[in-house]
Amino acid sequence: RVVGIARGDVGAPTAFTTRDFLDGALNAGGAVEELQVTTERHDVVSQATTARKLTDAFAARQIRVIETDTQNQTKTLISDSLSILVVFLGILAALLACVGGIGLSGTMSINVLESTREIGVMRAVGASNKSIYQIFITEGVIVGVASWAIGSALSFPLSEWLTGALANAVGFPLSFTFSPGGVALWLALVVAMSALASLLPAARAARVSVAEAIAYE
């Protein structure tokens with residue numbers, strides 16, 4: 001008779017029953033293979049000290065202990081397992097950022113070419129190289145910030161879905177937490193990369209003369 005469902009276990013599915021029933025079903029003769037201990041203090045040092053004392057106590061009674069695992073060790077094991085996925089996603093994000101920067105640079109170069117006459121008009125009314133340079137840098141940053149806003153809006157539902165899919169794949173529940181700090185950091189990176197990608201197109205725009213603008217068809 002199922003009396004409840006335990007959630008949050010790491011590893012294989014776990015069923016709980018009375019010790020007498022399990023002992024009769026396995027014909028174990030009262031023996032146990034695993035002992036779980038809850039300590040009053042949950043810091044790393046206290047858990048490690050308790051595990052060592054238990055191992056020494058069992059050894060003194062000629063009971064062989066194969067291994068001991070603390071909660072911190074289990075968390076470290078899970079973190080190391082998931083770090084591979086985190087590194088992969090980080091590399092993928094870096095590649096996407098590089099591709100986006102190259103695409104933005106190409107787009108800005110085309111925009112400078114198509115805006116040759118407008119640049120000539122600005123030159124004719126006295127616009128300086130610095131002013132034209134700043135105009136195209138600002139335009140590139142605005143395009144980058146717009147892409148950041150769209151990506152941030154889509155990242156929440158997609159990340160939540162990915163967390164659920166990963167939890168189903170690995171076989172244990174994962175909690176989803178959205179990081180505002182990560183979004184802010186990505187904004188800073190997008191602004192920096194957008195400005196960097198716009199440097200060369202903006203420099204080309206600043207070198208356009210009135211004569212070149214008039215001759216452009």
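Tutor: Helices here are DSSP runs of H or I with at least four residues, strands are runs of E with at least two, and both are numbered from the N terminus. The model is predicted, so local features need pLDDT of at least 70, side-chain atom pairs count only at pLDDT 80 or more, and totals for chains, interfaces and linings use all residues. Residues are numbered from 1 along each chain as its sequence is written, and side-chain values use heavy atoms, leaving out hydrogens and water.

Student: Thanks! What pattern does the chain follow along the sequence?

Tutor: Reading along, you get α-α-α-α-α-α-α-α.

Student: How much of the chain is buried?

Tutor: Buried residues are 18% of the 217. Buried means under 20% relative accessible area, exposed means over 50%, and partly exposed is in between (1.4 Å probe, protein chains only).

Student: How many buried residues does helix H1 have?

Tutor: The count is 0 among its 8 residues, 19–26. Just after H1, asparagine 27 has a positive phi of about 55°.

Student: New topic: where is aspartate 69?

Tutor: In the loop between helix H2 (44–60) and helix H3 (71–114).

Student: Why does aspartate 69 count as exposed?

Tutor: Because its relative accessibility is 56%.
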